[in-house]
Amino acid sequence: MNNGKDNYALESKNVNFFYGSKQALENITMQIPEKKVTALIGPSGCGKSTYLRLFNRMNDLIAGTKVVGEVLVKNQDIYKNNVDLVELRQHVGMVFQKSNPFPKSIFDNVAYGPRAHGIKSKDQIAYIVERSLRQAALWEEVKDSLNKNATALSGGQQQRLCIARALAVEPDVLLMDEPASALDPIATQKIEELIMDLKQNYTIVIVTHSMQQAARVSDLTAFFYMGQLIEFGPTSKIFTNPSNTRTEDYITGKFG
Amino acid sequence: MWLKAKIYNFLFLTLSIAGFTISILTLFALIADLVVTGAPRIDFSFLTSFPSRNADQAGILSASVGTLCVMLVTALVAVPVGIAAGVYLEEYAPKNWLTTLIEINISNLAGVPSIVFGLMALGLFVYKLSLGQSILTAGLTLSLLILPIVIVTTREAIRAIPTGIRHAVYALGATKWQLVRDHIIPYSKGGISTGVIIGLSRAIGETAPLITIGALTFIAFLPNSPITSHFPFISFQWLHDPFTVLPIQMFNWVSRPQPEFHQNAAAAGVILMSITMIMNLGAIIVRLRFRKKVTW
Ligand SMILES: Nc1ncnc2c1ncn2[C@@H]1O[C@H](COP(=O)(O)OP(=O)(O)O)[C@@H](O)[C@H]1O
Ligand SMILES: [Mg+2]
(Lines give C-alpha, C1' and ligand atoms only; values in the text may rest on other atoms or scores of the structure.)
(Ligands and ions follow the chains in the order given, each with its own letter.)
Protein backbone atom coordinates (compact mmCIF):
# COMPACT_ATOMS: atom_id res chain seq x y z
CA MET A 1 0.00 0.00 0.00
CA ASN A 2 2.61 2.50 1.07
CA ASN A 3 4.50 3.39 -2.05
CA GLY A 4 6.76 6.03 -0.65
CA LYS A 5 3.91 8.46 -0.18
CA ASP A 6 2.08 9.35 2.99
CA ASN A 7 -1.02 7.28 3.57
CA TYR A 8 -4.10 9.36 3.77
CA ALA A 9 -7.57 7.90 3.63
CA LEU A 10 -8.77 10.75 1.46
CA GLU A 11 -6.99 13.47 -0.36
CA SER A 12 -7.79 16.28 -2.76
CA LYS A 13 -5.24 18.11 -4.89
CA ASN A 14 -6.14 21.47 -6.40
CA VAL A 15 -9.75 20.50 -6.80
CA ASN A 16 -12.15 22.86 -8.49
CA PHE A 17 -15.79 21.95 -8.75
CA PHE A 18 -18.48 23.42 -11.00
CA TYR A 19 -22.26 23.24 -11.09
CA GLY A 20 -22.63 24.22 -14.71
CA SER A 21 -20.79 27.52 -14.90
CA LYS A 22 -21.04 28.18 -11.18
CA GLN A 23 -17.85 27.32 -9.34
CA ALA A 24 -18.58 25.81 -5.92
CA LEU A 25 -15.05 24.76 -4.86
CA GLU A 26 -11.78 26.57 -5.58
CA ASN A 27 -8.44 24.89 -5.51
CA ILE A 28 -9.00 22.69 -2.49
CA THR A 29 -5.95 20.76 -1.40
CA MET A 30 -6.43 18.75 1.74
CA GLN A 31 -5.32 15.46 3.29
CA ILE A 32 -7.66 13.54 5.53
CA PRO A 33 -5.90 11.00 7.77
CA GLU A 34 -7.10 7.50 8.52
CA LYS A 35 -9.17 6.62 11.58
CA LYS A 36 -9.71 10.18 12.65
CA VAL A 37 -12.80 12.34 12.73
CA THR A 38 -12.48 15.32 10.42
CA ALA A 39 -15.12 18.04 10.68
CA LEU A 40 -16.02 20.38 7.82
CA ILE A 41 -17.43 23.66 9.08
CA GLY A 42 -18.38 26.95 7.50
CA PRO A 43 -21.40 29.08 6.69
CA SER A 44 -24.26 27.62 4.68
CA GLY A 45 -23.53 27.41 0.94
CA CYS A 46 -19.74 27.47 1.35
CA GLY A 47 -19.33 24.07 -0.34
CA LYS A 48 -19.05 21.60 2.54
CA SER A 49 -21.56 19.13 1.15
CA THR A 50 -20.17 19.47 -2.33
CA TYR A 51 -16.69 18.70 -1.03
CA LEU A 52 -17.94 15.70 0.96
CA ARG A 53 -19.79 14.24 -2.01
CA LEU A 54 -16.61 14.32 -4.10
CA PHE A 55 -15.28 11.30 -2.26
CA ASN A 56 -18.06 8.86 -3.19
CA ARG A 57 -18.82 10.60 -6.46
CA MET A 58 -22.38 11.38 -5.46
CA ASN A 59 -22.00 14.69 -7.27
CA ASP A 60 -22.06 12.63 -10.47
CA LEU A 61 -25.82 12.26 -10.01
CA ILE A 62 -26.27 15.98 -10.63
CA ALA A 63 -26.30 16.82 -14.33
CA GLY A 64 -23.81 19.36 -15.61
CA THR A 65 -21.23 19.10 -12.86
CA LYS A 66 -17.48 19.06 -13.46
CA VAL A 67 -14.47 18.17 -11.34
CA VAL A 68 -11.02 19.51 -12.12
CA GLY A 69 -8.04 18.27 -10.11
CA GLU A 70 -7.30 15.03 -8.31
CA VAL A 71 -9.48 13.34 -5.72
CA LEU A 72 -7.70 10.41 -4.13
CA VAL A 73 -9.15 7.61 -2.09
CA LYS A 74 -6.44 5.30 -0.76
CA ASN A 75 -4.03 7.01 -3.15
CA GLN A 76 -6.19 6.18 -6.17
CA ASP A 77 -7.61 8.94 -8.33
CA ILE A 78 -11.30 8.13 -8.26
CA TYR A 79 -12.22 10.35 -11.20
CA LYS A 80 -10.18 8.23 -13.61
CA ASN A 81 -12.25 6.44 -16.25
CA ASN A 82 -11.64 2.93 -15.04
CA VAL A 83 -12.90 3.46 -11.50
CA ASP A 84 -15.58 1.03 -10.38
CA LEU A 85 -18.26 3.11 -8.68
CA VAL A 86 -19.76 0.07 -6.97
CA GLU A 87 -16.42 -0.74 -5.38
CA LEU A 88 -15.74 2.89 -4.47
CA ARG A 89 -19.07 3.31 -2.70
CA GLN A 90 -18.65 0.03 -0.92
CA HIS A 91 -15.44 1.44 0.45
CA VAL A 92 -16.70 4.98 1.15
CA GLY A 93 -20.11 4.96 2.85
CA MET A 94 -22.42 7.89 3.39
CA VAL A 95 -25.00 9.09 5.91
CA PHE A 96 -27.30 11.91 4.87
CA GLN A 97 -28.75 14.94 6.59
CA LYS A 98 -32.31 13.72 6.34
CA SER A 99 -32.63 10.11 7.44
CA ASN A 100 -33.72 8.07 4.44
CA PRO A 101 -34.63 4.52 5.46
CA PHE A 102 -36.19 2.33 2.78
CA PRO A 103 -39.88 1.59 3.33
CA LYS A 104 -38.90 -1.97 4.16
CA SER A 105 -38.35 -3.84 7.41
CA ILE A 106 -35.52 -2.84 9.75
CA PHE A 107 -33.78 -6.10 8.88
CA ASP A 108 -34.10 -5.58 5.12
CA ASN A 109 -32.79 -2.04 5.39
CA VAL A 110 -29.54 -3.19 6.92
CA ALA A 111 -29.36 -6.31 4.77
CA TYR A 112 -29.80 -4.39 1.53
CA GLY A 113 -26.19 -3.41 0.96
CA PRO A 114 -24.63 -6.82 1.55
CA ARG A 115 -27.36 -8.48 -0.52
CA ALA A 116 -26.79 -6.01 -3.37
CA HIS A 117 -23.12 -6.95 -3.25
CA GLY A 118 -23.97 -10.59 -3.71
CA ILE A 119 -24.00 -12.13 -0.24
CA LYS A 120 -26.65 -14.83 -0.32
CA SER A 121 -26.15 -16.92 2.83
CA LYS A 122 -29.00 -16.25 5.25
CA ASP A 123 -26.78 -16.87 8.26
CA GLN A 124 -24.15 -14.49 7.04
CA ILE A 125 -26.74 -11.78 6.33
CA ALA A 126 -28.28 -12.21 9.77
CA TYR A 127 -24.82 -11.98 11.30
CA ILE A 128 -24.00 -8.78 9.40
CA VAL A 129 -27.35 -7.22 10.33
CA GLU A 130 -26.84 -7.88 14.03
CA ARG A 131 -23.23 -6.71 13.96
CA SER A 132 -24.10 -3.50 12.12
CA LEU A 133 -27.04 -2.70 14.39
CA ARG A 134 -24.83 -3.26 17.43
CA GLN A 135 -22.16 -0.98 15.95
CA ALA A 136 -24.80 1.68 15.44
CA ALA A 137 -25.98 1.23 19.05
CA LEU A 138 -29.45 0.31 17.87
CA TRP A 139 -29.54 -3.45 18.41
CA GLU A 140 -30.97 -3.42 21.92
CA GLU A 141 -33.83 -1.16 20.85
CA VAL A 142 -34.88 -3.06 17.75
CA LYS A 143 -33.80 -6.69 18.22
CA ASP A 144 -37.39 -7.76 18.94
CA SER A 145 -38.90 -5.84 16.06
CA LEU A 146 -36.56 -6.49 13.15
CA ASN A 147 -39.56 -7.13 10.90
CA LYS A 148 -41.18 -3.82 11.73
CA ASN A 149 -41.22 -1.18 9.01
CA ALA A 150 -38.22 1.11 9.39
CA THR A 151 -40.28 4.22 8.71
CA ALA A 152 -42.10 3.62 12.01
CA LEU A 153 -38.90 4.30 14.01
CA SER A 154 -38.24 7.65 15.66
CA GLY A 155 -36.08 10.20 13.85
CA GLY A 156 -32.99 9.42 15.94
CA GLN A 157 -33.47 5.67 15.53
CA GLN A 158 -33.93 6.10 11.79
CA GLN A 159 -30.65 7.97 11.55
CA ARG A 160 -28.83 5.25 13.52
CA LEU A 161 -30.47 2.69 11.25
CA CYS A 162 -29.05 4.57 8.26
CA ILE A 163 -25.64 4.42 9.92
CA ALA A 164 -26.05 0.69 10.47
CA ARG A 165 -27.11 0.28 6.85
CA ALA A 166 -23.98 2.11 5.70
CA LEU A 167 -21.76 0.04 8.02
CA ALA A 168 -23.21 -3.23 6.75
CA VAL A 169 -21.22 -3.02 3.50
CA GLU A 170 -18.03 -2.75 5.58
CA PRO A 171 -16.70 0.60 4.40
CA ASP A 172 -13.45 2.09 5.70
CA VAL A 173 -14.62 5.66 5.31
CA LEU A 174 -17.89 7.15 6.50
CA LEU A 175 -19.04 10.48 5.08
CA MET A 176 -21.67 12.20 7.20
CA ASP A 177 -23.52 15.28 5.99
CA GLU A 178 -25.02 17.03 9.02
CA PRO A 179 -26.23 13.70 10.39
CA ALA A 180 -27.76 15.18 13.53
CA SER A 181 -29.11 18.48 12.27
CA ALA A 182 -32.70 17.24 12.24
CA LEU A 183 -32.53 15.53 15.63
CA ASP A 184 -33.37 16.53 19.19
CA PRO A 185 -30.52 17.00 21.72
CA ILE A 186 -30.76 13.50 23.18
CA ALA A 187 -30.74 11.80 19.79
CA THR A 188 -27.90 14.12 18.76
CA GLN A 189 -25.88 13.08 21.78
CA LYS A 190 -26.37 9.41 20.87
CA ILE A 191 -25.11 10.06 17.35
CA GLU A 192 -22.08 11.93 18.69
CA GLU A 193 -21.21 9.11 21.10
CA LEU A 194 -21.56 6.72 18.21
CA ILE A 195 -19.17 8.75 16.06
CA MET A 196 -16.57 8.69 18.82
CA ASP A 197 -16.93 4.90 19.10
CA LEU A 198 -16.70 4.39 15.36
CA LYS A 199 -13.49 6.33 14.88
CA GLN A 200 -11.53 3.40 16.32
CA ASN A 201 -12.19 1.59 13.08
CA TYR A 202 -13.34 4.11 10.53
CA THR A 203 -12.19 7.29 8.89
CA ILE A 204 -15.02 9.74 9.46
CA VAL A 205 -15.66 13.02 7.70
CA ILE A 206 -18.54 14.97 9.14
CA VAL A 207 -20.16 18.15 7.89
CA THR A 208 -21.70 20.10 10.71
CA HIS A 209 -23.15 23.54 11.21
CA SER A 210 -22.74 23.20 14.97
CA MET A 211 -19.33 24.35 16.14
CA GLN A 212 -19.89 22.75 19.52
CA GLN A 213 -20.44 19.47 17.74
CA ALA A 214 -17.26 19.86 15.69
CA ALA A 215 -15.36 20.69 18.87
CA ARG A 216 -16.81 17.70 20.73
CA VAL A 217 -16.37 14.94 18.14
CA SER A 218 -13.58 15.83 15.78
CA ASP A 219 -9.80 15.49 15.79
CA LEU A 220 -9.32 17.79 12.81
CA THR A 221 -11.37 20.68 11.58
CA ALA A 222 -11.51 22.31 8.16
CA PHE A 223 -13.06 25.74 7.80
CA PHE A 224 -14.61 26.48 4.40
CA TYR A 225 -15.67 29.89 3.21
CA MET A 226 -17.18 30.70 -0.17
CA GLY A 227 -15.80 27.61 -1.88
CA GLN A 228 -12.34 27.98 -0.42
CA LEU A 229 -10.56 26.07 2.29
CA ILE A 230 -9.52 28.79 4.70
CA GLU A 231 -7.94 26.77 7.45
CA PHE A 232 -7.37 23.12 8.25
CA GLY A 233 -5.73 21.71 11.34
CA PRO A 234 -6.19 20.01 14.72
CA THR A 235 -9.57 20.87 16.17
CA SER A 236 -8.02 22.11 19.41
CA LYS A 237 -5.94 24.61 17.51
CA ILE A 238 -8.73 25.82 15.21
CA PHE A 239 -10.99 26.47 18.16
CA THR A 240 -8.48 28.01 20.55
CA ASN A 241 -5.89 29.62 18.36
CA PRO A 242 -6.98 29.99 14.72
CA SER A 243 -4.41 31.54 12.41
CA ASN A 244 -6.92 33.15 10.08
CA THR A 245 -9.12 36.04 11.20
CA ARG A 246 -12.09 34.79 9.19
CA THR A 247 -11.90 31.45 11.01
CA GLU A 248 -11.80 33.30 14.26
CA ASP A 249 -14.76 35.49 13.31
CA TYR A 250 -16.76 32.41 12.33
CA ILE A 251 -16.07 30.36 15.43
CA THR A 252 -16.66 33.29 17.72
CA GLY A 253 -20.01 33.78 16.01
CA LYS A 254 -19.32 37.10 14.30
CA PHE A 255 -20.97 35.68 11.16
CA GLY A 256 -22.51 32.43 10.13
CA MET B 1 -73.68 48.11 -5.18
CA TRP B 2 -73.38 45.89 -2.17
CA LEU B 3 -76.90 44.53 -2.62
CA LYS B 4 -76.21 43.78 -6.27
CA ALA B 5 -73.12 41.75 -5.37
CA LYS B 6 -75.14 39.83 -2.84
CA ILE B 7 -77.84 39.04 -5.37
CA TYR B 8 -75.29 37.84 -7.92
CA ASN B 9 -73.62 35.78 -5.29
CA PHE B 10 -76.93 34.19 -4.35
CA LEU B 11 -77.84 33.54 -7.97
CA PHE B 12 -74.52 31.93 -8.74
CA LEU B 13 -74.69 29.71 -5.68
CA THR B 14 -78.23 28.63 -6.58
CA LEU B 15 -77.14 27.88 -10.11
CA SER B 16 -74.18 25.78 -8.99
CA ILE B 17 -76.24 23.79 -6.52
CA ALA B 18 -78.92 23.25 -9.12
CA GLY B 19 -76.36 22.09 -11.67
CA PHE B 20 -74.79 19.70 -9.22
CA THR B 21 -78.15 18.31 -8.09
CA ILE B 22 -79.42 17.82 -11.63
CA SER B 23 -76.32 15.96 -12.77
CA ILE B 24 -76.25 13.70 -9.71
CA LEU B 25 -79.98 13.04 -9.93
CA THR B 26 -79.75 12.23 -13.64
CA LEU B 27 -76.94 9.80 -12.99
CA PHE B 28 -78.86 8.11 -10.18
CA ALA B 29 -82.04 8.03 -12.26
CA LEU B 30 -80.20 6.33 -15.10
CA ILE B 31 -78.60 3.78 -12.80
CA ALA B 32 -81.89 3.18 -11.00
CA ASP B 33 -83.74 2.73 -14.28
CA LEU B 34 -81.09 0.31 -15.52
CA VAL B 35 -81.19 -1.69 -12.30
CA VAL B 36 -84.98 -1.75 -12.07
CA THR B 37 -85.28 -2.92 -15.68
CA GLY B 38 -82.29 -5.20 -15.77
CA ALA B 39 -81.84 -6.78 -12.38
CA PRO B 40 -84.98 -9.01 -12.43
CA ARG B 41 -83.71 -10.57 -15.68
CA ILE B 42 -80.42 -11.73 -14.14
CA ASP B 43 -80.52 -15.38 -13.22
CA PHE B 44 -78.34 -18.44 -13.63
CA SER B 45 -79.52 -19.23 -17.12
CA PHE B 46 -78.95 -15.63 -18.26
CA LEU B 47 -75.33 -15.95 -17.17
CA THR B 48 -74.80 -19.35 -18.74
CA SER B 49 -76.69 -19.14 -22.03
CA PHE B 50 -75.53 -18.14 -25.47
CA PRO B 51 -77.34 -15.35 -27.26
CA SER B 52 -80.49 -16.49 -28.99
CA ARG B 53 -83.25 -15.39 -31.33
CA ASN B 54 -85.62 -15.65 -28.37
CA ALA B 55 -85.04 -12.91 -25.85
CA ASP B 56 -86.00 -15.05 -22.86
CA GLN B 57 -83.54 -17.78 -23.77
CA ALA B 58 -80.68 -15.46 -24.57
CA GLY B 59 -77.73 -15.03 -22.21
CA ILE B 60 -74.33 -13.50 -21.90
CA LEU B 61 -72.09 -16.57 -21.73
CA SER B 62 -70.09 -15.92 -24.90
CA ALA B 63 -69.93 -12.18 -24.21
CA SER B 64 -68.58 -12.59 -20.67
CA VAL B 65 -66.07 -15.22 -21.70
CA GLY B 66 -65.06 -12.92 -24.56
CA THR B 67 -64.67 -9.97 -22.22
CA LEU B 68 -62.60 -12.08 -19.85
CA CYS B 69 -60.28 -13.34 -22.62
CA VAL B 70 -59.84 -9.91 -24.19
CA MET B 71 -59.13 -8.31 -20.79
CA LEU B 72 -56.58 -11.03 -20.08
CA VAL B 73 -54.68 -10.26 -23.29
CA THR B 74 -55.02 -6.52 -22.68
CA ALA B 75 -53.56 -6.79 -19.19
CA LEU B 76 -50.78 -9.20 -20.20
CA VAL B 77 -49.63 -6.77 -22.88
CA ALA B 78 -50.32 -3.37 -21.30
CA VAL B 79 -48.91 -4.09 -17.84
CA PRO B 80 -45.35 -5.12 -18.74
CA VAL B 81 -45.05 -2.77 -21.70
CA GLY B 82 -46.58 0.17 -19.78
CA ILE B 83 -44.38 -0.33 -16.73
CA ALA B 84 -41.28 -0.78 -18.85
CA ALA B 85 -42.05 2.38 -20.82
CA GLY B 86 -42.78 4.38 -17.66
CA VAL B 87 -39.58 3.20 -15.98
CA TYR B 88 -37.57 3.88 -19.11
CA LEU B 89 -38.88 7.41 -19.49
CA GLU B 90 -38.35 8.23 -15.81
CA GLU B 91 -35.04 6.50 -15.17
CA TYR B 92 -33.16 5.88 -18.37
CA ALA B 93 -34.28 8.23 -21.14
CA PRO B 94 -31.86 11.08 -21.81
CA LYS B 95 -33.42 14.40 -20.89
CA ASN B 96 -33.67 16.06 -24.30
CA TRP B 97 -36.28 17.52 -26.63
CA LEU B 98 -37.14 14.15 -28.16
CA THR B 99 -37.97 12.69 -24.75
CA THR B 100 -40.03 15.75 -23.91
CA LEU B 101 -41.90 15.43 -27.20
CA ILE B 102 -42.65 11.77 -26.51
CA GLU B 103 -43.77 12.59 -22.97
CA ILE B 104 -46.22 15.25 -24.15
CA ASN B 105 -47.61 12.94 -26.79
CA ILE B 106 -48.17 10.09 -24.37
CA SER B 107 -50.31 12.36 -22.21
CA ASN B 108 -52.19 13.49 -25.32
CA LEU B 109 -52.77 9.88 -26.44
CA ALA B 110 -54.87 9.32 -23.33
CA GLY B 111 -57.35 11.81 -24.75
CA VAL B 112 -57.57 10.43 -28.30
CA PRO B 113 -61.06 9.05 -29.11
CA SER B 114 -61.03 5.28 -28.86
CA ILE B 115 -62.36 4.78 -32.37
CA VAL B 116 -59.11 6.19 -33.69
CA PHE B 117 -57.29 3.37 -31.93
CA GLY B 118 -59.75 1.01 -33.58
CA LEU B 119 -58.95 2.35 -37.05
CA MET B 120 -55.25 2.10 -36.42
CA ALA B 121 -55.61 -1.45 -35.12
CA LEU B 122 -57.69 -2.39 -38.17
CA GLY B 123 -54.88 -1.23 -40.43
CA LEU B 124 -52.02 -2.66 -38.38
CA PHE B 125 -53.21 -5.83 -36.66
CA VAL B 126 -55.96 -6.99 -39.01
CA TYR B 127 -54.57 -6.05 -42.43
CA LYS B 128 -50.80 -5.68 -42.04
CA LEU B 129 -50.11 -8.38 -39.46
CA SER B 130 -53.07 -10.54 -40.50
CA LEU B 131 -54.06 -11.32 -36.94
CA GLY B 132 -57.72 -11.49 -37.94
CA GLN B 133 -60.77 -10.29 -36.11
CA SER B 134 -59.63 -12.21 -33.10
CA ILE B 135 -59.29 -12.05 -29.33
CA LEU B 136 -55.61 -11.31 -29.87
CA THR B 137 -56.34 -8.30 -32.08
CA ALA B 138 -58.93 -7.01 -29.62
CA GLY B 139 -56.60 -7.41 -26.66
CA LEU B 140 -53.76 -5.66 -28.47
CA THR B 141 -56.08 -2.84 -29.53
CA LEU B 142 -57.36 -2.23 -26.03
CA SER B 143 -53.86 -2.50 -24.60
CA LEU B 144 -52.79 0.34 -26.91
CA LEU B 145 -55.78 2.29 -25.64
CA ILE B 146 -54.85 1.93 -21.97
CA LEU B 147 -51.06 2.07 -22.35
CA PRO B 148 -50.99 5.86 -21.86
CA ILE B 149 -52.89 5.48 -18.59
CA VAL B 150 -50.49 2.81 -17.34
CA ILE B 151 -47.43 4.77 -18.42
CA VAL B 152 -48.59 8.04 -16.90
CA THR B 153 -49.53 6.49 -13.54
CA THR B 154 -46.28 4.52 -13.47
CA ARG B 155 -44.31 7.72 -13.96
CA GLU B 156 -46.30 9.57 -11.34
CA ALA B 157 -45.73 6.78 -8.84
CA ILE B 158 -42.00 6.77 -9.59
CA ARG B 159 -41.77 10.52 -9.23
CA ALA B 160 -43.35 10.31 -5.79
CA ILE B 161 -40.29 8.40 -4.51
CA PRO B 162 -38.11 10.86 -2.56
CA THR B 163 -34.64 11.58 -3.96
CA GLY B 164 -33.23 10.69 -0.54
CA ILE B 165 -34.08 7.05 -1.24
CA ARG B 166 -32.24 7.11 -4.57
CA HIS B 167 -29.21 8.67 -2.94
CA ALA B 168 -29.21 6.07 -0.20
CA VAL B 169 -29.34 3.24 -2.73
CA TYR B 170 -26.51 4.62 -4.84
CA ALA B 171 -24.41 5.48 -1.80
CA LEU B 172 -24.52 1.81 -0.80
CA GLY B 173 -22.88 0.93 -4.09
CA ALA B 174 -25.97 -0.44 -5.80
CA THR B 175 -26.27 -0.30 -9.57
CA LYS B 176 -28.98 1.47 -11.50
CA TRP B 177 -30.64 -1.82 -12.32
CA GLN B 178 -30.65 -2.77 -8.62
CA LEU B 179 -32.19 0.60 -7.82
CA VAL B 180 -34.96 -0.02 -10.33
CA ARG B 181 -35.59 -3.65 -9.44
CA ASP B 182 -35.33 -3.45 -5.65
CA HIS B 183 -36.72 0.01 -4.96
CA ILE B 184 -38.31 1.96 -7.81
CA ILE B 185 -40.68 -0.78 -8.96
CA PRO B 186 -41.61 -2.15 -5.51
CA TYR B 187 -42.32 1.31 -4.10
CA SER B 188 -44.45 2.35 -7.03
CA LYS B 189 -46.49 -0.88 -7.16
CA GLY B 190 -49.47 0.79 -5.51
CA GLY B 191 -49.65 3.59 -8.06
CA ILE B 192 -49.02 1.20 -10.94
CA SER B 193 -51.75 -1.22 -9.82
CA THR B 194 -54.19 1.63 -9.49
CA GLY B 195 -53.38 2.75 -13.03
CA VAL B 196 -53.75 -0.77 -14.38
CA ILE B 197 -57.14 -1.26 -12.75
CA ILE B 198 -58.41 2.12 -13.90
CA GLY B 199 -57.14 1.38 -17.40
CA LEU B 200 -58.79 -2.05 -17.50
CA SER B 201 -62.06 -0.66 -16.18
CA ARG B 202 -62.00 1.77 -19.07
CA ALA B 203 -61.14 -0.95 -21.57
CA ILE B 204 -63.90 -3.26 -20.37
CA GLY B 205 -66.59 -0.82 -21.47
CA GLU B 206 -65.09 -0.02 -24.87
CA THR B 207 -67.24 -0.82 -27.89
CA ALA B 208 -66.22 1.42 -30.76
CA PRO B 209 -62.65 0.21 -31.40
CA LEU B 210 -63.73 -3.44 -31.22
CA ILE B 211 -66.56 -2.94 -33.67
CA THR B 212 -64.08 -1.15 -35.91
CA ILE B 213 -61.73 -4.12 -35.99
CA GLY B 214 -64.74 -6.30 -36.81
CA ALA B 215 -65.87 -7.94 -33.63
CA LEU B 216 -68.95 -10.07 -34.23
CA THR B 217 -72.18 -9.09 -32.54
CA PHE B 218 -73.66 -12.57 -32.43
CA ILE B 219 -71.49 -15.41 -31.17
CA ALA B 220 -73.06 -18.68 -30.12
CA PHE B 221 -69.93 -20.60 -29.21
CA LEU B 222 -66.95 -20.31 -26.89
CA PRO B 223 -63.31 -19.82 -27.86
CA ASN B 224 -61.11 -22.93 -27.90
CA SER B 225 -60.13 -24.15 -24.48
CA PRO B 226 -56.63 -23.18 -23.37
CA ILE B 227 -56.25 -26.67 -21.88
CA THR B 228 -56.27 -29.68 -24.20
CA SER B 229 -56.41 -33.40 -23.60
CA HIS B 230 -53.29 -34.17 -25.59
CA PHE B 231 -49.67 -33.02 -25.43
CA PRO B 232 -48.58 -30.24 -24.71
CA PHE B 233 -51.94 -29.81 -22.92
CA ILE B 234 -52.08 -26.06 -23.40
CA SER B 235 -53.23 -24.32 -26.53
CA PHE B 236 -53.19 -20.74 -27.69
CA GLN B 237 -55.75 -21.34 -30.42
CA TRP B 238 -58.26 -19.24 -28.41
CA LEU B 239 -56.24 -16.15 -29.19
CA HIS B 240 -57.20 -16.48 -32.86
CA ASP B 241 -60.90 -17.14 -32.26
CA PRO B 242 -63.63 -14.64 -33.04
CA PHE B 243 -65.31 -13.12 -30.04
CA THR B 244 -67.82 -10.71 -28.69
CA VAL B 245 -67.75 -8.71 -25.47
CA LEU B 246 -70.38 -7.49 -23.02
CA PRO B 247 -70.80 -3.94 -24.33
CA ILE B 248 -71.13 -5.19 -27.92
CA GLN B 249 -73.71 -7.73 -26.80
CA MET B 250 -75.61 -4.88 -25.15
CA PHE B 251 -75.34 -2.79 -28.27
CA ASN B 252 -76.70 -5.66 -30.30
CA TRP B 253 -79.65 -6.10 -27.97
CA VAL B 254 -80.63 -2.44 -27.72
CA SER B 255 -80.63 -2.10 -31.48
CA ARG B 256 -83.41 -4.67 -31.77
CA PRO B 257 -87.02 -3.51 -31.76
CA GLN B 258 -88.45 -5.95 -29.15
CA PRO B 259 -88.59 -4.60 -25.59
CA GLU B 260 -87.62 -8.04 -24.19
CA PHE B 261 -84.20 -7.61 -25.77
CA HIS B 262 -83.95 -4.16 -24.23
CA GLN B 263 -84.44 -5.80 -20.87
CA ASN B 264 -81.59 -8.19 -21.70
CA ALA B 265 -79.42 -5.21 -22.56
CA ALA B 266 -80.23 -3.59 -19.24
CA ALA B 267 -79.38 -6.78 -17.40
CA ALA B 268 -76.02 -7.04 -19.16
CA GLY B 269 -75.54 -3.35 -18.38
CA VAL B 270 -76.10 -3.97 -14.68
CA ILE B 271 -73.46 -6.70 -14.76
CA LEU B 272 -70.96 -4.59 -16.71
CA MET B 273 -71.50 -1.65 -14.39
CA SER B 274 -71.07 -3.82 -11.32
CA ILE B 275 -67.77 -5.17 -12.68
CA THR B 276 -66.54 -1.63 -13.35
CA MET B 277 -67.56 -0.48 -9.88
CA ILE B 278 -65.89 -3.46 -8.24
CA MET B 279 -62.71 -2.73 -10.20
CA ASN B 280 -62.72 0.90 -9.13
CA LEU B 281 -63.33 -0.13 -5.54
CA GLY B 282 -60.37 -2.50 -5.94
CA ALA B 283 -58.24 0.40 -7.16
CA ILE B 284 -59.15 2.42 -4.07
CA ILE B 285 -58.38 -0.47 -1.74
CA VAL B 286 -55.03 -1.14 -3.41
CA ARG B 287 -54.11 2.52 -3.13
CA LEU B 288 -55.03 2.74 0.55
CA ARG B 289 -53.18 -0.48 1.37
CA PHE B 290 -50.00 0.68 -0.29
CA ARG B 291 -50.24 4.13 1.20
CA LYS B 292 -50.18 2.45 4.61
CA LYS B 293 -47.29 0.17 3.71
CA VAL B 294 -45.05 2.53 1.75
CA THR B 295 -44.53 5.74 3.69
CA TRP B 296 -41.53 8.00 3.62
N1 LIG C 1 -27.41 20.81 -7.29
C2 LIG C 1 -26.85 22.02 -7.34
N3 LIG C 1 -26.94 22.76 -8.47
C4 LIG C 1 -26.39 24.00 -8.53
N5 LIG C 1 -25.74 24.59 -7.52
C6 LIG C 1 -25.62 23.91 -6.37
C7 LIG C 1 -26.17 22.59 -6.22
N8 LIG C 1 -25.91 22.17 -4.96
C9 LIG C 1 -25.21 23.17 -4.38
N10 LIG C 1 -25.04 24.21 -5.20
C11 LIG C 1 -24.34 25.47 -4.91
O12 LIG C 1 -23.02 25.20 -4.56
C13 LIG C 1 -22.61 25.94 -3.43
C14 LIG C 1 -22.17 25.02 -2.31
O15 LIG C 1 -23.27 24.27 -1.87
P16 LIG C 1 -23.16 23.17 -0.74
O17 LIG C 1 -22.01 22.31 -1.02
O18 LIG C 1 -24.47 22.51 -0.62
O19 LIG C 1 -22.87 24.06 0.55
P20 LIG C 1 -22.97 23.69 2.10
O21 LIG C 1 -23.12 22.23 2.24
O22 LIG C 1 -21.71 24.21 2.68
O23 LIG C 1 -24.15 24.44 2.64
C24 LIG C 1 -23.81 26.80 -3.04
O25 LIG C 1 -23.62 28.09 -3.55
C26 LIG C 1 -24.97 26.14 -3.71
O27 LIG C 1 -25.93 27.09 -4.10
MG1 LIG D 1 -24.75 21.09 3.08
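Which residue in β8(A) is the bridge partner of V37(A)? I204(A) is that partner. Before going on, the ground rules. This is a predicted model: local features need pLDDT of at least 70, side-chain atom pairs count only at pLDDT 80 or more, and totals for chains, interfaces and linings use all residues. Residues are numbered from 1 along each chain as its sequence is written, chains are lettered from A and ligands numbered from 1 in written order, and side-chain values use heavy atoms, without hydrogens and water.

Now the sheet. In chain A, 6 strands form an open sheet, ordered β6-β7-β8-β3-β9-β10, with mixed pairing. Strands here are DSSP runs of E, at least two residues, and helices are runs of H or I, at least four, numbered from the N terminus. Two strands pair if DSSP finds at least two bridges between them. β6 (92–95) and β10 (228–234) of chain A stand at the edges, each with a single partner strand, so one side of each has no neighbour in the sheet. Strands β3 (residues 37–41) and β8 (residues 203–207) of chain A run parallel, joined by 4 bridges.

On to the rings. Over all chains there are 7 aromatic pairs. Rings of Phe, Tyr and Trp (its six-membered ring) pair if their centres lie within 6.5 Å; planes under 30 degrees apart are stacked, over 60 edge-to-face, the rest tilted. F46(B) and W253(B) have ring centres 6.0 Å apart and planes at 35 degrees, so that pair is tilted. Both F46(B) and W253(B) are buried (under 20% relative accessible area, 1.4 Å probe, protein chains only). Ring pairs also link Y51(A), F55(A) and F224(A) into a cluster.

Key: Buried < 20%, exposed > 50% of the residue type's maximum accessible area, 1.4 Å probe, protein only.
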